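Let's take a walk through this structure together.

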Amino acid sequence: MTLDTIVEEIQKANSIVLLAHESPDGDAIGSVLAMGIALENMGKKPDRIIKEYPRRFAFLPGADKVKEASDIEKYDLAIALDCSDLRRLDGKEYFENARKTIVIDHHSTNTMYGDINFVNPVAPACCEILIGIFTYFELEINHDLGTCILTGIITDTGGFKYQGVTPETFEFTAELLRKGINVSEIYEKVLETRTKSNFELMKRILNRMEVLEDGKVTFTYMTNQDVKEVNAEPGDHEGLVEIGRGIEGVEVSIFIRQDEDESKYKISMRSNNNVNVSKICYLFGGGGHPRAAGCLIQGTLEQVKDKILSEVKKAL
Ligand code: AMP
Ligand code: MN
Ligand code: MN
């Protein structure tokens, strides 16, 4: 049983590093922090490495323990969370050098790049997989652990509203409420509060938004120039792709943002009912979930827009 092997590897390891995907969202961060707390409860001292930690998640328990890098080159064990492939892993060098590697994830496009892979593509968030794992480890889900897990669930389900939510999602949240954990406060902090820069970006991307294909597709973008002008920090673009999807009649929302490498663009896509955006992103070397996916494409804004739109049109 994979979970027994995972426990064994954790118990054997003297040094453990926890990693997640680059441009980390609430699920990536919640998963790393939750696993960090869990391993401490098991008597371990894991390192949590996130190179660009978004300020809006600074309130989470254990956020102060996150490091940008580490002196240890060769960990006994590396655990990658919420990340579908090695290329996208933040701090992949620690993973590649580690003696043993574990992948815990919920992307259907996961490439199974660990020695041990615990992947459940039906789970709405990586954090939801962790509930089962921690229960198996016989760990109590206390306030801190609950807060981190709930953060991942709330952000990856858009506040319990996407199709992937399960009865367990609500049962877990109910259990947290019974324990006196302030679920609305966490919700408010992780989903309902915009940074000022996010608000400024929102104004810009809304102004540029095009409604295409008889109202079935929205397209908008932001550039590094925008990032500079509104003083955006990592994570400030989070949630903007959702706006297009909310418009009546829209099936696919496309949001692209320039990469630090100016000749590339990061694509974020969302869909409502029929189009599997993960398949489209997969064509460009990316992936994700049927209703939320991403990829990285080389080219000018116009070239990238054309490439992605031509695939979306085929899928409509
Ligand atoms: P985002 O649009 O960045 O919020 O990402 C939506 C979903 O697609 C998330 O589950 C991401 O982990 C996944 N995703 C985004 N970019 C990529 C990529 N380049 N490769 C694989 N998965 C991705
Ligand atoms: Mn994620
Ligand atoms: Mn996730």
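A residue is called buried when its relative accessible area is under 20%, exposed when that area is over 50%, and partly exposed in between, using a 1.4 Å probe and the protein chains only. You'll find aspartate 47 in strand E2, residues 47-49. Helices (H or I, at least four residues) and strands (E, at least two) are DSSP runs, numbered from the N terminus. The C-alpha atom of aspartate 47 sits 8.8 Å from that of leucine 19, and the two residues are 28 apart along the chain.

A bit of housekeeping before we go on. This is a predicted model, where local features need pLDDT of at least 70 and side-chain atom pairs count only at pLDDT 80 or more, while totals for chains, interfaces and linings use all residues. Residues are numbered from 1 along each chain as its sequence is written, chains are lettered from A and ligands numbered from 1 in the order in which they are written, and side-chain values use heavy atoms, with hydrogens and water left out.

Now for the metals. Donors here are N, O and S atoms within 2.8 Å of the metal (3.2 Å for Na, K and Ca), and water is not among the atoms, so sites may look incomplete. Which residues hold the manganese ion called ligand 3? They are Asp27 (OD), Asp82 (OD), His106 (NE2) and Asp156 (OD), at 2.1 to 2.2 Å. Along the chain, these donors follow the spacing D-x54-D-x23-H-x49-D. Aspartate 27 belongs to helix H2 (residues 26-41) and aspartate 156 to helix H5 (residues 143-156), so this pair ties together parts that are 129 residues apart in sequence. Aspartate 27 counts as buried, because its relative accessibility is 0%.

The other manganese ion, ligand 2, has His21 (NE2), Asp25 (OD), Asp25 (OD) and Asp82 (OD) as its protein donors, lying 2.2 to 2.6 Å from it. In sequence, the donor residues of ligand 2 are spaced H-x3-D-x56-D. Histidine 21 is buried at 4% relative accessibility, and aspartate 25 is buried too, with a relative accessible area of 16%.

Aspartate 82 is in the loop between strand E4 (77-81) and helix H3 (92-97), and it is buried at 1% relative accessibility. Its backbone is worth a look as well: aspartate 82 has a positive phi of about 55 degrees although it is not a glycine. Most residues other than glycine have a negative phi. Serine 23 also has a positive value, with phi near 45 degrees. That serine 23 lies in the loop between strand E1 (16-20) and H2, and it is partly exposed, with a relative accessible area of 29%.

Next comes ligand 1. It is surrounded by 14 residues, the closest being Arg88, His107, Ser268, Arg270 and His289; a residue is near a molecule or strand if one of its heavy atoms lies within 4 Å of it. Sorted by type, this shell has three nonpolar, eight polar and three charged residues. Strand E12 gives the largest share, four residues.

Zoom in on the atoms around ligand 1. A polar side-chain atom of serine 268 lies 2.5 Å from one of its oxygen atoms. An N or O atom in the side chain of histidine 289 is 3.0 Å from an oxygen atom of ligand 1. From glycine 287, a backbone N or O atom lies 3.2 Å from a nitrogen atom of ligand 1. Taken alone, ligand 1 exposes 480 Å², and the protein buries 86% of that.

One last stop is helix H8 (residues 196-207), where serine 197 is found. Serine 197 counts as buried at 12% relative accessibility, and its side chain reaches the backbone oxygen of valine 230 at 2.9 Å.

Conventions: A polar contact is a pair of N or O atoms within 3.5 Å; within protein, one must be able to donate a hydrogen and the other to accept it, and residues adjacent in sequence count only if both atoms are side-chain atoms. Accessible areas come from the Shrake-Rupley method with a 1.4 Å probe; for residues, only the protein chains shown count as cover. Ala, Val, Leu, Ile, Met, Phe, Trp, Tyr, Cys and Pro count as nonpolar, Asp, Glu, Lys and Arg as charged, and the others, Gly among them, as polar.
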